[in-house]
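Subject: Structure handover

Hello,

Here is the structure I said I would pass on. My notes on it follow below.

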Amino acid sequence: MLVYKPEHPQARKAGYVLEHRLVAESVLGRLLEPGEVVHHRDRNKQNNDPSNLEVFATNGEHLRLELLGRVPNWTEEGYARMCSPRKR
């Protein structure tokens with residue numbers, strides 16, 4: 001859900017900010033850093049209750065929780081790309 005706040009430093013071009021980010025900022029009493037990620041504990045992105053939100057410093061930290069215990073469903077091509085040495 002988006003909230004119109006064109007004065008917000010992280011507002012999109014049309015002036016909107018994701019509501020869950022605004023709620024998290026209100027609870028923290030500060031603006032979120034651009035790289036911080038707000039996680040919905042119940043995975044319901046419509047539930048922006050403060051008790052349902054958790055802030056992670058990076059997307060990597062968020063993904064560590066989000067993907068815990070899950071087995072990825074890689075395509076053969078995608079898996080081969082991941083396993084091959086990177087070209088620099």
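In these notes, a contact means heavy atoms within 4.5 Å. The model is predicted, so local features need pLDDT of at least 70 and side-chain atom pairs count only at pLDDT 80 or more, while totals for chains, interfaces and linings use all residues. Residues are numbered from 1 along each chain as its sequence is written, and side-chain values use heavy atoms, with hydrogens and water left out.

The chain as a whole

Among the contacts in the chain with a separation of 6 or more, 17% are between residues 24 or more positions apart. The chain has 3 helices and 4 strands. Both are DSSP runs numbered from the N terminus: helices are H or I with at least four residues, and strands are E with at least two. Along the sequence, the order is β-β-α-β-β-α-α. The radius of gyration is 17 Å, well over the 12 Å that the globule rule gives for 88 residues, so the chain is more spread out than a compact globule. That radius is taken over C-alpha atoms, and the globule rule is 2.2 Å times the number of residues to the power 0.38. Along the principal axes, the C-alpha atoms fill a box of roughly 45 × 30 × 20 Å.

Of the 88 residues, 25% are buried. Buried means under 20% relative accessible area, exposed means over 50%, and partly exposed is in between (1.4 Å probe, protein chains only).

Helix α1

Helix α1 covers residues 19–28, and His-20, Arg-21, Leu-22, Val-23, Ala-24 and Glu-25 are buried in it. What do the buried residues of α1 pack against? They pack against four strands: β1 (2–4), β2 (16–18), β3 (37–40) and β4 (53–56). After α1 comes Gly-29, which has a positive phi, near 75°.

Glu-19 also belongs to α1. Its relative accessible area is 24%, so Glu-19 is partly exposed. Not counting residues up to four places away in sequence, Glu-19 touches Met-1, Val-3 and Asn-48. Glu-19 and Gln-46 are 27 residues apart along the chain, and 9.3 Å separates their C-alpha atoms.

Helix α2

Leu-65 lies in helix α2, which spans residues 59–66. With 37% relative accessibility, Leu-65 counts as partly exposed. Its contacts, leaving aside neighbours within four places in sequence, are His-39, Glu-54 and Phe-56. Leu-65 and Ser-84 are 19 residues apart in sequence, and their C-alpha atoms are 26 Å apart in space.

Is Glu-66 buried or exposed? At 16% relative accessibility, Glu-66 counts as buried. Leaving aside neighbours within four places in sequence, Glu-66 is in contact with His-39 and Arg-43. The side chains of Glu-66 and His-39 also make a polar contact at 3.4 Å. A polar contact is a pair of N or O atoms within 3.5 Å; within protein, one must be able to donate a hydrogen and the other to accept it, and residues adjacent in sequence count only if both atoms are side-chain atoms.

Salt bridges

Side chains of opposite charge can pair when their charged atoms come close. How many salt bridges does a search of the whole structure find? The search finds 6. A salt bridge is a side-chain nitrogen of Lys or Arg within 4 Å of a carboxyl oxygen of Asp or Glu.

One of them joins the side chains of Glu-66 and Arg-70, at 4.0 Å from N to O. Arg-70 is partly exposed at 46% relative accessibility. Through salt bridges that share partners, Arg-43, Glu-66 and Arg-70 form one network.

Another links Glu-36 with Arg-30, whose closest N and O atoms are 2.9 Å apart. Glu-36 is buried, with a relative accessible area of 11%, whereas Arg-30 is partly exposed at 38%.

A further salt bridge is made by the side chains of Lys-5 and Glu-7, at 3.7 Å from N to O. Here Lys-5 is partly exposed, with a relative accessible area of 29%, and Glu-7 is exposed, at 58%.

Regards
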